[in-house]
Structure formats: C-alpha cells, structure tokens
There are 4 protein chains.
Amino acid sequence: MAQDAQRPAERAKRLPRAVREKQILDAAVRVFSLHGYHSASMDEISDVAGVSKPMIYSYLGAKEDLFLHCIRREANRMLEAVQAGIRPDVPPDMQLWHGLRAFYGFVASHRESWVVLHRHAITVGGPFADEITDLRGKAIKLVGGLVVSAGARKGLAEQVEFSGEGLAAALVGAAESLADWWLDHTDVPDGVLASWLMNLAWLGFNDLVEGQLWRPREHDGEHGADQA
Amino acid sequence: MAQDAQRPAERAKRLPRAVREKQILDAAVRVFSLHGYHSASMDEISDVAGVSKPMIYSYLGAKEDLFLHCIRREANRMLEAVQAGIRPDVPPDMQLWHGLRAFYGFVASHRESWVVLHRHAITVGGPFADEITDLRGKAIKLVGGLVVSAGARKGLAEQVEFSGEGLAAALVGAAESLADWWLDHTDVPDGVLASWLMNLAWLGFNDLVEGQLWRPREHDGEHGADQA
Amino acid sequence: MAQDAQRPAERAKRLPRAVREKQILDAAVRVFSLHGYHSASMDEISDVAGVSKPMIYSYLGAKEDLFLHCIRREANRMLEAVQAGIRPDVPPDMQLWHGLRAFYGFVASHRESWVVLHRHAITVGGPFADEITDLRGKAIKLVGGLVVSAGARKGLAEQVEFSGEGLAAALVGAAESLADWWLDHTDVPDGVLASWLMNLAWLGFNDLVEGQLWRPREHDGEHGADQA
Amino acid sequence: MAQDAQRPAERAKRLPRAVREKQILDAAVRVFSLHGYHSASMDEISDVAGVSKPMIYSYLGAKEDLFLHCIRREANRMLEAVQAGIRPDVPPDMQLWHGLRAFYGFVASHRESWVVLHRHAITVGGPFADEITDLRGKAIKLVGGLVVSAGARKGLAEQVEFSGEGLAAALVGAAESLADWWLDHTDVPDGVLASWLMNLAWLGFNDLVEGQLWRPREHDGEHGADQA
DNA sequence: GATGAATGAGATTTCATTCAT
DNA sequence: AATGAATGAAATCTCATTCAT
C-alpha cells in the first residue's frame, strides 16, 4: 500500500529540464505561429507540448516571457542560418545572392519560425516592444549588412541619403510579397523567383527594360547558384 | 463656462446615424491601430467614440464586422489617394514616382490607417485575409500596369522569363515593408522614402553602388532614367 | 417649406388605437409562440407588427404586460370556441364528443394561440404565476366541466375520490400526445384520432379489449360527429 | 465553532472531478427547474453548486450542454425508476398499475427532475427536442408493450381500427399531463393520481359514471378488471 | 518533478426600456 | 401619434494564472 502510494505517476516521465523546455518552446512556436500571440492559449500550448501548464510557468514563465523566449530562439536560428550561408570572399552581388538564398531557404524550412517573427512579433508591441524592435532590428540589419558591405566597397555608405536598413526592409518585403504571389502561380520554379528578385535588386527596371539580365556565376566550384 | 451652459443636453444628443457611424469608425481605427484586433476592446472603442456599446453593435455589427468596416474604409481611402496622385500623361518612371509619393504621403498623414491595414489586418487573418488580398491585388494591378507599359516600350514583354505581375508584386511588397520600417524610424521624411524605393526599383544596387542616382524631373514628355 | 416640415411622415399612418393594438397583439402572439416568452424580443415583435417599440410600450405596456394581454385574449378565444361547440341538450358522451371536437378544431386553426397558452404560459411562472394559473385553470375547467356534468347525472361528482379537473388535464394531455404521435403517422385520418380518444376516454381499455366500440350517433340531424 | 476551525481549507478544496460534476448537475437541475432554461443564469447555478463558473464550463460545457446533461441524467433516472417498478409476472392491468405508481412516485420524490423534463425541456425546443422525443418514445414503447399484450389476449390486435402504439401515446400524454396538473395541486397523494388514471384508462368514463371502480388486487395470476 | 483542480477578472454581445423630436 | 436614437444592466463564456497534492 505504501509502495502503491509512492510510485510516481506512470505517464509523467521525469525528463531533464532542457528536454522539457525544448518541447514547450517547439509547441509554443507552433501555436503562436498558428493563432498569433493573443489568440494562442496557454491551454493549447500545454496540450501540444504534452506538458502541464504549471510546468510551463515554472520553466519559462508567464505568457509574455514564453513569447519572448520563442522569438529569441527563432531569431537566433534565422540569423545563424543566414550568416552561415554567406561567403565573405566573393563579389558583393554574389554575397547578396547567397544571403537571399539562405534567407529563402530558412523561411521555406522554418515557416513557423518566420511567421512568428515577422507576422506576429511585430504586431504585439506593448509590453515588450523594445525587445521585439531590437530583435527585429538585428534580423534586418543582417540583410542590411550585405547591402551596406556591398555598397561600402563602392562608396554607397557615404551617400548618407541611403539607409542600408531601410533598403533591406524593402528587399525583405519584396521577397515576401513575391512568395505570396507565388502561391497563385505555382508553375514558376523557385530558382526563378530568387533570380527575379536578384535582378530587380541588382539591375533595376531601367536595366531590365534594356534587356540586361543578372545571372549567378560559378565563382569557385563550390555550392550555390545552380538554378536553371 | 458660458458655452458649457449653452449646450442643450450634456449627453445623448440625437445625432443622425451617419455622423455616429463616422465617430465610431474613427474611434475604432484609432483603437485597433493602437492595440491590434484582439487586444482592442469594444469598451475602449465605445469610450473613444463617445458612444455606448449597443450603438456600435446596432450600427456596425459585431467586432469582426466593425473591423471589416474599418479595413474597407481605410483601404478605399488609400487606393483613392494613390490613384489621385498618379498622372497618366507622364512617362512610366514618373508615374511610378508619383504613385510612390502619394503612397508614402498617405502613410505619413494616416499613420493609423496604415497600421491597421498592414500590421494588424494581416496578422489576424481569417475573415480579413480576403479583404487584404483584395487590396494588395488592386495595388499590384496598378503597379503592374506601369511596369508593363514601361517594359512594352523597350520590349521587355517579349522576355518570357519575366512577369510584369510578379515584379509588381515584389515592388508592392517592398513599398509596404519600407512603410512598415518607417513606423519605427519616423525621422526620415516621406519624400526620401519614395526616393529610396524609386532608386532601388529603377536603377538597382548595381547602379547605386556605382554612385548613380535617379531623380525626378520636371515633366517634359520624355521618359526617365536618363543616366543609364 | 413650412408645409414640408409639417407634413406628417408618410409611412406612419395614423391608425385608431384599437387597430394598432390588434396588430401588436397578433404579432406578439406569433413571436411568443415561436420563441417562447424569454427568447422573444421586443424588437422582433415590433418588426412583425410593423410598429415602433415606443408604441408598444405606450399601448400595451412592458413585456410582461404584453404577454399577459396575449394570453388573456387567446384564452378567451379558446374558451368561447369550445363553449360554442357544446350542445347542452344531448347525452353526456355526445357533449364530451362535441367538446373534444371543438377543442381540436380550435387548436388546429389557432395553433399559435394554443402554443402560447399551453407551452409557454405555463413555463414562465415567476412574476405573473397567479394570473397564468388562473387562466389555465379556467381553460381546463371548461373541459373539466364536461366531465363533471356528465358525471353529475350519474353520481360521479359524489365520488370525492375523483377530480374533474384532474381528469380533464389527463384528457388534454392524451389529446396532445396523440396529436404529436400523429405527426409521424399522417396516414391516419383526423376523425379516427378523435374517435380513438373518445373510445379510450369513454369505454376504457377493458371494454376495448372486449371488442366494444363507441361511435358518435346522429342525434337530431344537426352538425358534428360525422366522421367515417 | 470547533468544527469550523478544523476545516482544512475554507474554499477551493480539491475534490475529484466526479464529485464536482454531481454537485454541478444537482445545482443545475434545481435552478433550471426553478426558472426555466432561459432565465436560469450560470451565475446562479455556480453559486448554488458552490463552484466557480469556469469549472462548470470545463466539466460540463456551455449552458446548452449543461442542460442536455441534466435532461439525460433525469430522464434515465426516471426511466429506471419506472422500469424497476414494473413486475413482469403479473397481469397487464397490474403491470400498468405498477408502472403508473412508480411514475407518480418518482415525480413525487423528484419534483425538480420532472419540472425540468416536462415543463422546461419541452418549451425550449431546439437542441433538446430530440432528447425529449427520445424519452417519450421509450415511455410509449414501454406502455405500448403492455397495451398490446393486454389486447393480444382478447383479440384487439385484429381490430385494425386501433393502434396499440397510438393508444400508448395517448396514455403517456395523459399521465404526463396529469403529473403536470399535480404540480399545482400538491394536496393529492400520488397513489390517488395513479388510481385516477388507471380507472380512466381501464374502465373509461362510461363505466366510471355508472359507479364502477377499478382497484388493484393482490397478485393471483388472474388478469384484472373483474367488475366489467 | 509534475499535475488536476480551481478561480478572478474581463471579453463580447443582447435586450428591455426610455428620451428627444 | 409616432419614431429613430440611445443606453444601463446583465448574460454567456474564456483565459492566464495559481494552489494543493
């Protein structure tokens, strides 16, 4: 009898904290990406995570904290992915090209992360606006960095009239919007999309209408830029 | 004080329906833009509007309907502002330029409208997605017209590798995203934004890093980008 | 201009009070019968009546009063209908028969009245329980009266063990339940239903299983009791 | 006082779910029976149950579901009580008699259950109509069995003019209606009610007014109604 | 470590009713 | 006589959060 009472509950395995935290964060990212911050409920998160609510509160704090943890983790993942894709030893246009491809790749394979970061984190504001702005700034700055570094070699940075960050935001928006447009035009291959964007960004309409085209070159036999 | 005494009835003045509806919509746009759809409360909207909640429900329906009314009104306002800004008798690049100026002018003077349309309506999804898709579709068609007409003059239309509509989608996304970025960088004047985007779209990074710049000209019947 | 202002509203005809009251009561009975007292809304009643709500309040008072007016009017109608159907100069079984037919006839042609009286008035209770009980009692007493008067001739009234009212309630319930059953067995003609009930009530199972049957007789060449 | 001090926690004792569900259902039946479905408020139910509203929603669902749970529980209770009262080894009239006694016994001791089932569930209609139709159907089948078996012995089944099921429906309705009448005439003992109905059903008015009476006998293997 | 049980607070929505014209 | 305009009050339901075990 005493033994009976002391036997720990069978289905509640004692997992190390790190594992539980990952379960919870994964579930939270999924639920936040589906419903947004406000509509996501702690109940659903705990269900999806397979963990009771008190555990969430004990490990990751209240809803706000949990959301913060989510966006921090996903933002870091994205930054790392993009940084890993960039080769510093290639010409600026190829750097931009690689960055864009890495970015697209991340978004494609981590759609939920991207939705949380881009769609929802921006909207919430309020209690942790600063944090969000910071994170978002970092993300945009990364892409912006490419622009700036590309420009730096040629003196664009000195043209105070331009903001690398602003242009990066524009580029990201263009990429997104094109992705949306893609949903209704699935016959276009994905490499073509990236190529369009690169052409638009690199050459501009003016050159395009003149018949010019930008195409990725093999630079040293390594990966990347192999679309038709 | 004398004025105070002259007011016929301190509250419950019987105003015609149209007036109340405007009051309510104005308040709703403000509150939605501040807190987002979910966090905005009907209580706050009714307070700001100076009208009791039952009036809102009676005139504009439930929260969802109210939000829809807001989106539609603001979308129409924005489209009208942009369309009014475009002059059909100038070269394509100048048309695009005017459109962009009108767009950023609108965002500058109707910040709340833009926040509701772009930040919040997109996030909530569901019943509002169609409305936003519509709006964006109209914008894309508008820009697409310019792109195609610009390209037609130079034979771009024959380059099957490119889609005017796809490029327009990208351009619209870029404009939106830049407007969004602007919300957190209010020190930049609106004309500058339009100029950035115009340079990016028309010249491309390639030309920009070479130090070229696109600048609006006085209308003289010629087409733009005369430094290529 | 002065004439313009003074012209009475075109669609709000000045009808005499009695007409308006009838419109309102008719609408109220319909709406109450459809949704019950609590779910019926004054808005719907005013819509159906084609009369504005303030008129209802001015003519027939608040919701409770309105409901009272309804059940009073309908109860009186029913009582009158049943009383008119009964011939005092025929044998007791024929009196009961005529009463039942008159009652059925009323329910069939005034379904809404009956629903309000039987289904809804009973349920509400609360503020006007007494009034309702009274009215209901009157109605049941009428049928009960037939039973009692039939019994009086033969001494049933002296058997204190029986309550005419109680038996009447049972009869009404039987009639109703049979009517419900009828909905799923529409091939049975209505005269047969009344006949069953009469047989059950008059002869009882005991006689029925012995093969006896009660049938209405022509008593003096007048109407009634002519079913197959 | 000493007891007061000994109570471990004045509120929020963690009771197992089953206990709370019973508390809630009991309270709900009481409150629904008092005010009817629409006027009953979840607040009052939660007060009477001594449980907060969220528990109700979590355990038994929204108001509709709660009401359904009530109906189902009480209907089952009633059916079980009646079925338990019927002895299969006695003549049909005695079976009917026992069933009626059990029914009125149940109504007497579970007035609230009956009020909910008969007065309120019927009135509201909509999602509850099926449930009530079901209950009545079961009751009709039960009684129908008796009627048919009584008739079979005497050849009633061959009289195509009659339907055992139809008569059973009428009888069930009579029993219900009499029980309802009883609610306003509580001075009559329940055995008397059963006796009235039994006399009406078995002997019919015709015999009653002649002074005959049906009375239960000790079971002796013979069938009933021996004064016809 | 882990959770079922429990709730305060606040959201949306509806309705009977009255005022001003 | 007649009504559009207006609202206080209350109903249902949900959710983030914590306690007791």
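Hi everyone, let's start in chain B, where Arg119(B) forms a salt bridge with Asp184(B), the closest N and O atoms lying 3.4 Å apart. By salt bridge I mean a side-chain nitrogen of Lys or Arg within 4 Å of a carboxyl oxygen of Asp or Glu. This pair links distant parts of the chain: Arg119(B) sits in helix 7 (residues 111-124), and Asp184(B) is in the loop between helix 9 (164-183) and helix 10 (190-202), 65 residues apart. Helices here are DSSP runs of H or I with at least four residues, numbered from the N terminus.

Please remember that this is a predicted model: local features need pLDDT of at least 70, side-chain atom pairs count only at pLDDT 80 or more, and totals for chains, interfaces and linings use all residues. Residues are numbered from 1 along each chain as its sequence is written, chains are lettered from A in the order in which they are written, and side-chain values use heavy atoms, without hydrogens and water.

So, buried or exposed, what is Arg119(B)? Arg119(B) is buried at 15% relative accessibility, while Asp184(B) is partly exposed at 36%. The cut-offs are under 20% relative accessible area for buried, over 50% for exposed, and partly exposed in between, with a 1.4 Å probe and protein chains only.

Over in chain D, Arg119(D) forms a salt bridge with Asp184(D), with closest N and O atoms 3.4 Å apart.

Back in chain B, Lys53(B) pairs with Asp43(B) in a salt bridge at 3.5 Å between the closest N and O atoms.

Finally, over all chains the structure holds 38 salt bridges. Thanks, everyone!

Notes: Helices (H or I, at least four residues) and strands (E, at least two) are DSSP runs, numbered from the N terminus.
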